[in-house]
Number of protein chains: 2
Amino acid sequence: MAAAVTICDVGPRDGLQNEATVLEPFVRAELVNRLAGTGLPKVEAVSFVSAERVPQMAEAEEVVAGIERAEGVAYSGLVLNEKGYRRLAATDLDEVHFTLAATETFNERNANRSVDASVAELAGVPKERPISVSISVSFGCPFEGVVEPSTVLRLAERLVEAGAEEIVFADTIGVGVPKQVRQLLHGTKSLGVPVGVHLHDTRNTAVANAFAAFEAGATVFESSVGGLGGCPFAPRATGNVATEDLVYLFRGEGIDTGVDLDGLIGVAEWLAGVLGRDLPGRVYRAGASVAR
Amino acid sequence: MAAAVTICDVGPRDGLQNEATVLEPFVRAELVNRLAGTGLPKVEAVSFVSAERVPQMAEAEEVVAGIERAEGVAYSGLVLNEKGYRRLAATDLDEVHFTLAATETFNERNANRSVDASVAELAGVPKERPISVSISVSFGCPFEGVVEPSTVLRLAERLVEAGAEEIVFADTIGVGVPKQVRQLLHGTKSLGVPVGVHLHDTRNTAVANAFAAFEAGATVFESSVGGLGGCPFAPRATGNVATEDLVYLFRGEGIDTGVDLDGLIGVAEWLAGVLGRDLPGRVYRAGASVAR
């Protein structure tokens, strides 16, 4: 039976790219393999970006080579442009995760081009593999402030026209609240593709936002094991919502994720050991059961 | 204009009682005074319990003596029994916070008596000041596991009969999910008194639960500045949800709390300095504004 929601762990990519510690490709591949072993249907394994700009993501091809494919798991890589797409296309990754931002300033800083130019890049890449597109700063931008849902929705429509088969709204700096999530998701019914959210727990609203998104029709949830990573715009802040925290929520709500929660907690424990510190995730530290 | 929700900071009590560091009464009074200065309508300042059992709460009367009363703020103390009530009655605190547990095992361990005996204690104390009663482990017990909403609701009804003018459902070990909150709150409409929640963020569900509780009719929210305190049943876990995280949620939702969020963040920063470590609260570390 298919799970009610599809959780994609982006820890090997969005989590690790915000860590001060740079991990070797074989360790990053082991993280991907451990995650795939917990029943997660999707893992974002790598990012095809400049190793100079993001040394944590260097040697993506080496990471992919270290993946021991698990049955039923879709492995993806992140790309920002056609150049990144070409690198991905030379691997056997299953899916393309393309990203751009909802605001001009953020997109210029992150992808070094205008939003229009990013949409054109997406339109230009071959559609040989499923393409999911995530829209950064959908709920607020560190440079431009609050982002209007109507702006994000118009962009989402253009992205679907350009070939996106899934749209993920990212709260990149973790400022959103359920009201915004509901407003935005309410407008996505006519997109005609599955929609999801990529939530950061920077201001402790990620679990509430995930639940609001689920109730508003989102089926895709991107998160990082252990709540890995930080926030480049707030040095003391935490990053992605922890995958096991989301799985705990969904389990309690009776919503099937297909993920083995205890197995996932084990991966968080292992990763905390690799990084030599406690991770921000709460469920892995507290344990998942009520009585002890 | 009255705020839409009433937030009571229980940091000086529930927060500090779970800290390894024992603070002097004058520091605890300063915490109470700083909290009252942020516009919080209620502060739970002390607990009248055995100083041998809970050294962090010793010399409650000294703390009360150090309170510089702020206009419009109701100051309360926690009591478990008639003996504690007599100590509170000798002070000028405005409100009584009485607590007992939803399960026999937890109540025996915490209050050293049966649930029936605790209800009888409540019935026996004079009703000279408003009495709010919180029911510990309303969503799950570390000894007895899942707690049925019907059990908690029957207890709440008996407490109202015994003189409770407000009922607060406490997720003492932080295991609840929105579904449980909705189930429980749905059944409280006939209680005839204001109801609230006291949420711990042990498994990252507290903000989602608070939002669910608000939408289900709860008007009272107990939380601790900075997410102070730990969880005695899970050594690495966090405790009370951070008050400023709740205020951030409510502000984003357009729900008035009457609290100055930046002022509250300042109190969390001050307290982190006093305790010499980062606190678990997320908003105070990330900052409350979107753009910077």
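How many of the eleven residues of H10(B) are buried? Nine of them are, so this helix is largely enclosed by the rest of the structure, where buried stands for under 20% relative accessible area, exposed for over 50% and partly exposed for the range in between (1.4 Å probe, protein chains only).

The model is predicted, so that local features need pLDDT of at least 70 and side-chain atom pairs count only at pLDDT 80 or more, whereas totals for chains, interfaces and linings use all residues. Residues are numbered from 1 along each chain as its sequence is written, chains are lettered from A and ligands numbered from 1 in the order in which they are written, and side-chain values use heavy atoms, with hydrogens and water left out.

View 1. Helices (H or I, at least four residues) and strands (E, at least two) are DSSP runs, numbered from the N terminus. Among the buried residues of H10(B) are Leu246(B), Val247(B), Tyr248(B) and Phe250(B). Their cover includes helix H8 (178–186) of chain A, together with elements of chain B such as strand E1 (6–9) and helix H11 (261–275). After H10(B) comes Gly254(B), whose phi is positive, near 80°.

**View 2. The two chains and their axis.** Chain B can be laid on chain A with an RMSD of 0.0 Å by a turn of 180° and a shift of 0.0 Å along the axis, the copies being superposed by least squares on the C-alpha atoms of residues with pLDDT of at least 70 in both. This is the relation of a two-fold axis, and in chain B the C-alpha nearest that axis belongs to Ala208(B), 1.9 Å from it.

**View 3. The interface of chain B and chain A.** Each chain takes part in the contact (heavy atoms within 4.5 Å), with 46 residues from chain B and 46 residues from chain A. The buried area, which is the accessible area (1.4 Å probe) that two parts lose on being put together, summed over both, is about 3,900 Å², and carbon and sulfur atoms give 51% of it. Arg203(B), Arg236(B) and Arg282(B) supply 21% of the area that chain B buries against chain A, more than any other three residues. Four salt bridges cross the interface, a salt bridge being a side-chain nitrogen of Lys or Arg within 4 Å of a carboxyl oxygen of Asp or Glu. In one of the salt bridges, Asp201(B) pairs with Arg282(A), and their closest N and O atoms are 2.6 Å apart.

**View 4. A salt bridge between buried side chains in chain B.** Arg13(B) and Glu44(B) form a salt bridge whose closest N and O atoms are 2.5 Å apart. Arg13(B) lies in helix H1 (residues 11–15) and Glu44(B) in strand E2 (residues 42–47) of chain B, so the pair ties together parts that are 31 residues apart in sequence. Arg13(B) counts as buried at 7% relative accessibility, and Glu44(B) is buried with a relative accessible area of 1%.

**View 5. A salt bridge between two strands of chain A.** The side chains of Glu95(A) and Lys42(A) meet in a salt bridge (3.0 Å, N to O). The pair links distant parts of the chain, with Glu95(A) in strand E4 (residues 95–101) and Lys42(A) in strand E2 (residues 42–47) of chain A, 53 residues apart. Glu95(A) counts as buried at 11% relative accessibility, and Lys42(A) is buried with a relative accessible area of 17%.
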